[in-house]
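Subject: A structure to look through, with notes

Dear colleague,

Here is the structure that I said I would pass on to you. Please keep it open while you read the notes that follow it.

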Amino acid sequence: AKAKKAKIGHLGSLRGQRVSVSGWVHRLRNQKDIIFIVLRDGTGYLQSVLSGKVAQTYAALTLTLESTVQLHGTLQAVPEGKTAPGGHELVVDYWKVLGGAPGGDEAFTNRLNEKSDPSILADLRHLVLRGEIASAVLKLRAALLSSFRDTLVSHDLLEVTPPCLVQTQVEGGATLFKLDYYGQPAYLTQSSQLYLETCLPSLGDVFCVQESFRAENSHTRRHLSEYTHLEAELAFITFDDLLTHIEAIICETVDRLLANPTTAALIKQLNPNFTAPARPFLRMSYVDAIKWLNEHGIQHEAEDADGNVILDEQGKPKMVDHAVGDDIAEAAERRMTDILGVPMFLYGFPAELKSFYMKRMPYGDGDVHLFTESCDLLMPGVGEIVGGSMRMTDQDELSAAYKKEGIDPTPYYWFTDQRKYGTCEHGGYGLGVERFLAWLANRYTVRECSLYPRWPSRATP
Ligand code: 4AD
Ligand code: MG
């Protein structure tokens, strides 16, 4: 019978039939007269058996891992007591090699494992991706993105695609990638927030999934130079509405993933102990967080006025208690979420620590509005995965904020105009997709959660 061409993921309905499947040799076991191949084609894994004449060819005896092959044969249920992906195996009656791969010492499969030198793993990312873990992470990433989209659309947000080439900053001039744009200065976008704000009057609540770029010299396990940024902006909301919305989006997105057997299985494979977070999330003000850190003896490195770490007599960084006004650094944040063990909102950060556009809280220290209607969502094991805030609505207040930040307002005229042509209470947030995935899939670093991660001095492959 003519073999029916099929992808491994769709073989379920073809039991007992003759099929043709092409893919890569994922695993290979040569046993006397019988060869077992686990074939991989991106949609799944297929156990295949070559025996008799088809196993006694030169091609069969010299077959190597990662070669591409085309297998023809009958798809049979595996005998009782044996297991195989999908519960079936292909009994091959005809096959050919489509493309060989180096075996022996040259085979990357012999050289790569979790303990390999990280720089070799980074150089060979294109081959690492062929591994079961890396491909599971990327499949979960795809499901996560579509689940986020479905959830946001179900909340009546419209997807837009803002530009990546921009002439304005959002999160501070120090982390901009600058480029020459037909002789003019331009940047790779840090955040699409300002553009999302301009969509509210015509499109209503909006979101985008866009690459953001940060020229941060951070070699931590949660910083990338390019990351996928999911951002949303909502009109006529209060700060409390914003927090409740973020919580809903996160929880409903996770619920959608768990409701789908395929993605639930990916989560189980990567993060066996995962449990969906409970609502409402813990909410702690910045001022309470400072107290909490001090009560728990979590200190930070002392810095001088120029931001240089102060060393003690032994040459180690001098550790000091937190004070209101201090940034809560990554290490402190991580210890806090590790101890509390649940997702939590930190809110009400001092204006000094946050971006120029953030709305001040309606109370403060005397006449000085010290704190902002801002929030970070922290997840156990990762720390900050979301940053959001309410935005300034008053044109004069925004003008003063530009001045304080040292921003020339000229290129921001379109952003300022939002306050001029019918201002409104609004707010939004940005979520780091790789950080969210690191939490969901229990990955050590965001570098595992990006197809081709970029970090300082790494833009290859
Ligand atoms: O806290 P950030 O800087 O906030 C903004 O950009 C706002 N303008 C977003 C908005 O309100 N529309 O970044 C938002 C999130 C962070 O919480 C983090 O998850 C992620 O983006 N992020 C990074 N992820 C990986 N590598 C980096 N270097 C990141 N910088 C921020
Ligand atoms: Mg932030």
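Is W292 buried, partly exposed or exposed? W292 is partly exposed, because 17 other C-beta atoms lie within 10 Å, where buried stands for 20 or more other C-beta atoms within 10 Å of a residue's own, exposed for 12 or fewer, and partly exposed for what lies in between, with C-beta atoms placed from the backbone.

Before going further, please note that this is a predicted model, in which local features need pLDDT of at least 70 and side-chain atom pairs count only at pLDDT 80 or more, while totals for chains, interfaces and linings use all residues. Residues are numbered from 1 along each chain as its sequence is written, and chains are lettered from A and ligands numbered from 1 in the order in which they are written.

The chain as a whole has 13 helices and 19 strands, these being DSSP runs numbered from the N terminus (H or I over at least four residues for helices, E over at least two for strands). Its C-alpha trace spans about 90 × 60 × 50 Å along the principal axes, and 32% of the 461 residues count as buried.

W292 itself sits in helix α9. If its neighbours within four places in sequence are left aside, W292 is in contact with M284 and M336, a contact being a pair of residues whose C-beta atoms, placed from the backbone, lie within 7 Å. M336 is 44 residues away from W292 along the chain, and yet their C-alpha atoms are separated by 8.6 Å. In α9, which runs over residues 286-295, the buried residues are Y286, A289 and L293. They lie on the same side of α9, because they cover an arc of only 50° around the axis, the arc being that of the directions from the helix axis to the C-beta atoms. An α-helix has 3.6 residues a turn, so residues three or four places apart point the same way. Among the elements that cover the buried residues of α9 are β13 (282-285), α10 (330-340) and β16 (344-347).

Eight of its eight residues are buried, so α13 is largely enclosed by the rest of the structure. Its cover includes α5 (132-154), β12, α8 (261-270), β17 (374-379), β18 and β19. After α13 comes N442, which has a positive phi near 50°.

Finally, please look at L71 in strand β5, residues 68-77. L71 is buried, with 25 other C-beta atoms within 10 Å, and, apart from its neighbours within four places in sequence, L71 is in contact with V21, L39, S48, L90, V92 and W95.

With best wishes

Notes:
Two residues are in contact if their C-beta atoms, placed from the backbone, lie within 7 Å.
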